[in-house]
Every structure is written in structure tokens, then in C-alpha cells.
Number of protein chains: 2
Amino acid sequence: MSALTSSRTVKDALYQQLARIGKAVSSPQRLALLDRLSNGEKPVEALAAEVHLSVKNASAHLRVLREARLVEPRKDGQYVYYRLAEEGVAAFFLALRDLAERRLAEVREVSLHYLGGRRQMTPVDRRQLLARIRSGEVTVLDLRDKSEFAAGHIPGARSVPLGELKKALRSVPRDQEVVAYCHGPYCVLSLEAVQLLTAKGYRATRLDDGFVEWAAAGLPVERGRAGARPD
Amino acid sequence: MSALTSSRTVKDALYQQLARIGKAVSSPQRLALLDRLSNGEKPVEALAAEVHLSVKNASAHLRVLREARLVEPRKDGQYVYYRLAEEGVAAFFLALRDLAERRLAEVREVSLHYLGGRRQMTPVDRRQLLARIRSGEVTVLDLRDKSEFAAGHIPGARSVPLGELKKALRSVPRDQEVVAYCHGPYCVLSLEAVQLLTAKGYRATRLDDGFVEWAAAGLPVERGRAGARPD
DNA sequence: GCCATATTCTAAAGATCAATAGACTATTGT
DNA sequence: ACAATAGTCTATTGATCTTTAGAATATGGC
């Protein structure tokens, strides 16, 4: 019996620990932060701007995430860069999102009506795309900003932040299929790009998932280049 | 631009929905309930007793879980039985637990010191065990209560609630290896059983994970028999 | 050393959540 | 129809969380 006398209190303690992570992902703001951090390390100020929070508030939320050990800060000069504590955190975020998508009608509606329906790109499709990229059949555009591209992108993709798309168009071969992607399925940058591209007469499609899902699926990732901050 | 004007509000709504599930798993009590429900459908009163809550309080927490669509009630006579809304909920719970185990030192300590260390039973080990069960090499004891056994158990296992272990011992062949299991890695029923069995001279080990992990791994599950409530 | 910048820490307001008690509903047995 | 049982719903209190403001800390440029 020795080990078992305090069984209940130990178990309660365990649930309390699990709840630490639960609490961390129980706030829309913190989920938004995690989502952004899935695309790579960022300084507090940038994060705050991206999720429309005051720096103070963002800092407070980041503290909660830090205390749950989901993110880690790295101080560089006068800036503090936050990043996910491990790959598994992004995977967990995706697991949460997938569960929500299956369980909550409200989430399904976002994906169906707002984004015009996800076409369920299967792992096979992704590998197929990868093969076609390698053979040079398609042009792949990464719509995220350059620092995110530098932190990791689909091999062979070209960094074209949305603002630069019009200028970049002249160097995109008109006879090739174009695939645009950004952060994830709910990111609209690639949607806008596809709208513009098709209006200009391109055969353009959108990668239903984004870079985060690509990386989480274990597909190859290329780093650096094009706006990379040299260490 | 049409679809994109309300991009921010839609995205905020999305995070808010994800947070619904986050909130549901942000309370130790609700996590305890989910853990218990991973072992099968149960009436409110039984759940309340198992997690040491008043029925009223348990009912309130179940309501939150219901609103997050993680559990579903089924009314049968004067009892209300709750169950997980889908397999994926148990999988998500396990994902949360695994993440916590990797990220939070406090959880690792529970598993290391309190339970004497998890020996990391790999998928292969589980399949090996399954083969050995089938060949009749080992006796497998399910320490959970009979209704949980009825809701699903490892094929070939024998239902032996802890209280009945002493009586059951006489029909357990002394020359065979015995493997005991219960709900999951933090369940101590199987620990107690192993202590008793080794004290009596058996070669007894504990399945590091429990039934929930077994089922989540996609291994075969047997249902009914031995204490099953006939429909 | 001094000022500006980036971020965290501390404190305090309002908002939200957990737990309990009492009223209410639905079902079973008599 | 009546009482007993199982569970939910409503309201209340105390606790916890979010947000903002102000003070404090650390870094880099002058």
C-alpha cells in the first residue's frame, strides 16, 4: 500500500498540471499568439501588433504561456524574441484546431462559407505537390512576410509578401500553374493572391493548409534566404 | 477583397471557438471527468463519486463539457449517462497529457517517482503483448470495475476488480506471467495488484499504459461480457 | 553617464468562473 | 395521484483572470 496512500492527492495534482496547459489555451488571445508563433520566432512588439493587443497585454499573455512552458523567450539586444518551446506545441495547437473543427459547428462554418470550403488536401496531395515543385511544373508563392519565410518555408517556394505581388507578377511565368500559401487554412493572404492571380489570367490555386501544417506533416522545410536576419 | 473585409473579426471568432475547448480543459475537475469518461459511459452520480465532487458541481462541469461538445448525455430511465462525443476527444486528452508530460517537470516527476518510472512501452511491445496473450502465454487482468470492462477491454483479459483479486488468485496459474492493467499510466489499481501478486510469488508486471492508450493506439478491443448490463 | 526604447513587474479595476444551496423537472414505484 | 430519486437550472458568494496604468529594469546610442 505504501505508494498508494496519497493516490488521490497525487492524481489531483496531476490534473492540476494538465489544467495549466488547458488554461494557457483557454484564451482567444493566447491562441492567436500561439498561432502566430507557429510561423516562427517573433519579438513581443510584432506579436502584439499581429494579434491587435497592447504590448503590455501581450506581454502578460506571453507570461502565462511561458509559465505553462509552451513558449520560450530569447533576449537579443533590446528585443525579446518568443518562440514555441518545441514542435509538439504546434502539433498540439493543430490537434486542438482539428478537434474544434470536427466538434464545433461554428468552426466548420468558418471553413466552409468564409473560405469557400476546404478541399481536404490529403498527405498524398501534399507529396504530389512536392514532386511537382521539384520537377519545376509549378510556381509556389509564399505570401507570408519575409521573416516568416526565412524561419522556414516549402522548398522551392518564392517569398512574395502580398504587398509585392503586383510587382512580382511580371516574373511569374504565365503558362505555369501557381500555388499560393500562407500560414494556415484560415489565413486569407493566399486567398487574396489567388483572386488577383486569376483576375490576371493565371491558373492559380491555394494550398488549403498552410506552412504550419506542411511542417507538422513532416514534409521537408527549407530555411533562410530572402530577408533572413543573419545571426 | 469581398471575402476579406471582415477577416479580422472572423479570425477572432475562430480563436474564440477554439478557446471554448480550451476552457473546457482548463479545470482539473473537468479533466478528471474526461479521464474517467475515457473508460466508457457513466451516470452523473458515479462520475461525481469518482472525482470527488458533489452531484451538483459535477453536473455543472459536465454542462461546460457538453457546451464545448466534448461529451454527450444519454437519458435512460431516471439516469443520465455521459460519454465522450467521439474517440477524438480521448485522443485529444492523451495529446494534452503527453504534451504536459514532456513540458512540465511536475508531471514527469509524478510518473517517475510516484509510479516508479514509466518503462515506455512502445507500439511494438503492445503488439508483442497481444501476440503473447493470443498464444495463451500470459494471463491478463483488468483491474477496473466491471462496467468499464464491459464497455471495452483488451482481448482475452479477465475482469478482476481489485477487491476481488485475492479470491481470484486461486484460479490464476502460478507458472504463468501475469500482466495487470487499469485505466492509464497514472492509475494505481494495477500497481497495487502487482504488489500483491509479487508478494504471493507470481511473476507480475504492469502494463505501463492503460486501456485508454491501448484503444487509442488502434489495437483490437473486446466488448461486453462479465458484468455487462444487458441492453 | 544620460536618454530613448523595449519589455517586464506591480497594483487595481472590471469581467468571468467555481462551488454551493434551493427551486424545478422528469422518471419510477406504490 | 403521491412520494422518492436523479439530475438540471437559477442565483449568490468568493476566487481567479483580463486588462490597463504606472513604476521598474535592461539595453543601445550619444
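This is a predicted model: local features need pLDDT of at least 70, side-chain atom pairs count only at pLDDT 80 or more; totals for chains, interfaces and linings use all residues.
The secondary structure of chain A consists of eleven helices and seven strands. Along its principal axes, the C-alpha trace of chain A spans about 75 × 40 × 30 Å. Chain A has 231 residues, of which 39% count as buried. Among the contacts in chain A with a separation of 6 or more, 62% are between residues 24 or more positions apart.

Three strands of chain A form an open sheet in the order β1-β3-β2, with antiparallel pairing. The edges of this sheet are β1 (42-43) and β2 (71-76) of chain A; each has a single partner strand, so one side of each is left without a neighbour in the sheet. The pairing of β1(A) with β3(A) is antiparallel and rests on two bridges. Within this pair, A:P43 lies opposite A:Y81 of β3(A). The pairing of β2(A) with β3(A) is also antiparallel and extends over six bridges. Here A:P73 is found opposite A:Y82 of β3(A). The strands β2(A) and β3(A) form a hairpin with two residues between them, and A:G77 in this hairpin takes a positive phi near 65°.

Pairings were also found in chain B. Strand β1 (residues 42-43) of chain B is joined to β3(B) by two bridges, and the two strands run antiparallel. One residue of this pairing is B:K42, whose bridge partner in β3(B) is B:Y82. Strand β2 (residues 71-76) of chain B is joined to β3(B) by six bridges, again in the antiparallel sense. In that pairing, B:E72 has B:R83 of β3(B) as its bridge partner. A hairpin is formed by β2(B) and β3(B), with two residues between the strands, and B:G77 in the turn has a positive phi of about 65°.

The relation between the two copies was examined next. In general, two copies of a chain are related by a rotation about an axis and a shift along it. Here chain B is superposed on chain A by a rotation of 180° with 0.0 Å of shift along the axis, and the RMSD is 0.0 Å. The two copies are thus related as by a two-fold rotation axis. The C-alpha of chain B nearest this axis belongs to B:G22 and lies 2.7 Å from it.

The contact between the chains involves 44 residues from chain A and 44 residues from chain B. On the side of chain B that touches chain A, the elements giving two or more residues are α1 (7-24), α2 (28-37), α5 (87-103), α6 (105-114) and α10 (189-199) of chain B. The largest share of this side, 15 residues, is supplied by α1(B). By class, the side of chain B that touches chain A holds 27 nonpolar, seven polar and ten charged residues. Of the interface residues of chain B, 100% are also interface residues in chain A, so the copies meet through the same surface.

The nonpolar interior was considered as well. In soluble globular proteins, nonpolar side chains tend to be buried together. In this model the largest nonpolar core has 114 residues. Those with the most contacts inside the core are A:I21, A:L70 and A:A180, together with B:I21, B:L70 and B:A180. Leaving aside residues up to four places away in sequence, B:I21 touches A:L96, A:L99 and A:A100 of chain A, and B:A68 and B:L70 of chain B.

The model also contains DNA strands C and D. Around DNA strand C there are 22 residues, and those that come nearest are A:P43, A:E45, A:S59, A:V80 and B:G77. The elements that give two or more residues to this surface are α3 (44-50), α4 (55-67) and β3 (79-84) of chain A, and α4 (55-67) of chain B. The most residues, five, come from α4(A). By class, the surface near DNA strand C has nine nonpolar, eight polar and five charged residues.

DNA strand D is surrounded by 23 residues, of which A:G77, B:P43, B:V44, B:E45 and B:S59 are the closest. At least two residues of the surface near DNA strand D are supplied by each of α4 of chain A and α3 (44-50), α4 and β3 (79-84) of chain B. By class, this surface has nine nonpolar, nine polar and five charged residues.

How values were computed. Residues are numbered from 1 along each chain as its sequence is written. Chains are lettered from A and ligands numbered from 1 in the order in which they are written. Two residues are in contact if their C-beta atoms, placed from the backbone, lie within 7 Å. Helices (H or I, at least four residues) and strands (E, at least two) are DSSP runs, numbered from the N terminus. Ala, Val, Leu, Ile, Met, Phe, Trp, Tyr, Cys and Pro count as nonpolar, Asp, Glu, Lys and Arg as charged, and the others, Gly among them, as polar. A residue is near a molecule or strand if its C-beta atom, placed from the backbone, lies within 6 Å of it. A nonpolar core is a set of buried Ala, Val, Leu, Ile, Met, Phe, Trp, Tyr and Cys residues joined through C-beta atoms within 7 Å. A residue is buried if 20 or more other C-beta atoms lie within 10 Å of its own, exposed if 12 or fewer, and partly exposed in between; C-beta atoms are placed from the backbone. Two strands pair if DSSP finds at least two bridges between them. Copies are superposed by least squares on the C-alpha atoms of residues with pLDDT of at least 70 in both.
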